[in-house]
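Thanks for coming. I will go through one model this morning, starting with its pockets and ending with a helix pair and a database record.

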Amino acid sequence: MSAAAVAPTRSVGRGGKSDFLHHPITRNVLPFLNGGAAGMIATSFIQPVDMVKVRIQLAGNQTVSAMKVTSDIIKQGKFLDLYSGLSAGLLRQAVYTTARMGFFGTFMNKISAKAKSENRAVTFGERTLAALSAGGLGAIMGNPADLTLIRMQSDGMRPLAERKNYTSVLNALRRISAEEGIKSLWNGCLPTVARAMALNFGQLAFYSESKARLAHYDFEKVFGSKKNAEVGRGIAASAVAGFFASFFSLPFDFVKTRLQKQTKGPDGKMPYKGSIDCAIKVAKEEGLLRFYRGFGTYYVRIAPHAMLTVLFADWFLKLTK
């Protein structure tokens, strides 16, 4: 009997692809996997910018620039410090972005199906609700990794005798849990959730809305082909999303960073009681514009990350259709 005769047959679905990709379970899981993979790839490119952003936010009343922070790190011969916390950043994306992108895709699929059955277009309000809900759920799940990332990135700013010298994200998670308790991993969760909802609103709602609106314009005349027009439309929509994601989320990111970095002082008390207390104290002591400190660096970090994430997610979606 030939090998061909005994070889198991593989069922084939639409377009000659294996039915595995079109199984209901696979279709429900793919938005999560695609989103997480897209976020992790984007983070690998953007991590040095994120490191500089955190250092600027934690500089207190000192006036520092992104160029100075970067040059100081490099002058000290610690170029790899720009990638401090990369393992935590990747873990954060594996949890947070997997959840928020996956939930958004799942919510939008249901919303789109409902709108189609009612013979109407999806509204911006529906996209907003999907983005806010997905962002909040993802942030709650990803807070431990987010807190660990901040701790690892800020550790180099401490005096040598006070540094924790975390060796990895797992080492940091274990030590923080042991020294401060499991609940401490959710410190700053409220501003983290608020930031995530604001970022998701700016990124996913505006990206989805922009793509829908740009679909009415003839990009083929500008880019010469349907394929190039689709790429151009995606880049334009992602650029819009990147700006609004940065603008809406920075104040929440600022408070989140301050809360997650804080540790008990000599008197045994935390500098801030919570997100509202932190926001009030910063506004009074440092001014309202302090919340937008480092906006340029934050934009350079968030906008490309937002753009790369949605573009990679779209690409993965096409590969797995």
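This is a predicted model: local features need pLDDT of at least 70, side-chain atom pairs count only at pLDDT 80 or more; totals for chains, interfaces and linings use all residues.

Residues are numbered from 1 along each chain as its sequence is written, and side-chain values use heavy atoms, with hydrogens and water left out.

A pocket here is an open set of points on a 1 Å grid over the protein atoms alone, where a 1.4 Å probe fits, with protein on both sides within 12 Å along at least five of seven lines; lining residues have an atom within 4 Å of a point. A volume is the space filled by probe spheres set on the points.

For the second largest pocket, that volume is about 640 Å³. The elements giving two or more residues to its lining are α2, α3 (66-75) and α5 (124-154); helices are DSSP runs of H or I, at least four residues, numbered from the N terminus. α3 gives the most, with 4 residues. The lining divides into 9 nonpolar, 11 polar and 7 charged residues, where Ala, Val, Leu, Ile, Met, Phe, Trp, Tyr, Cys and Pro count as nonpolar, Asp, Glu, Lys and Arg as charged, and the others, Gly among them, as polar.

The largest pocket comes to about 1000 Å³. Its lining has 28 residues, with N109, Y207, K211, D314 and L317 nearest the centre. By class, they are 13 nonpolar, 7 polar and 8 charged. Which helix gives the most to this lining? That is α4, with 6 residues.

Next, the helix pair. α9 (residues 226-261) and α10 (residues 275-286) pack at about 105°, with axes 10 Å apart; axes are lines fitted to C-alpha atoms over the stretch in contact, and angles run from 0 to 180 degrees between N-to-C directions. The two are therefore roughly perpendicular, a label for 65 to 115 degrees. F254, V255, R258 and L259 of α9 meet S275, C278, A279, V282 and E286 of α10, contact meaning heavy atoms within 4.5 Å.

Finally, the record. Residues 122-213 are 74% helix and 0% strand, with end C-alpha atoms 11 Å apart. For residues 229-319, the values are 77% helix, 0% strand and 18 Å.

Conventions
Angles under 35 degrees count as roughly parallel, over 145 as roughly antiparallel, 65 to 115 as roughly perpendicular and the rest as oblique.
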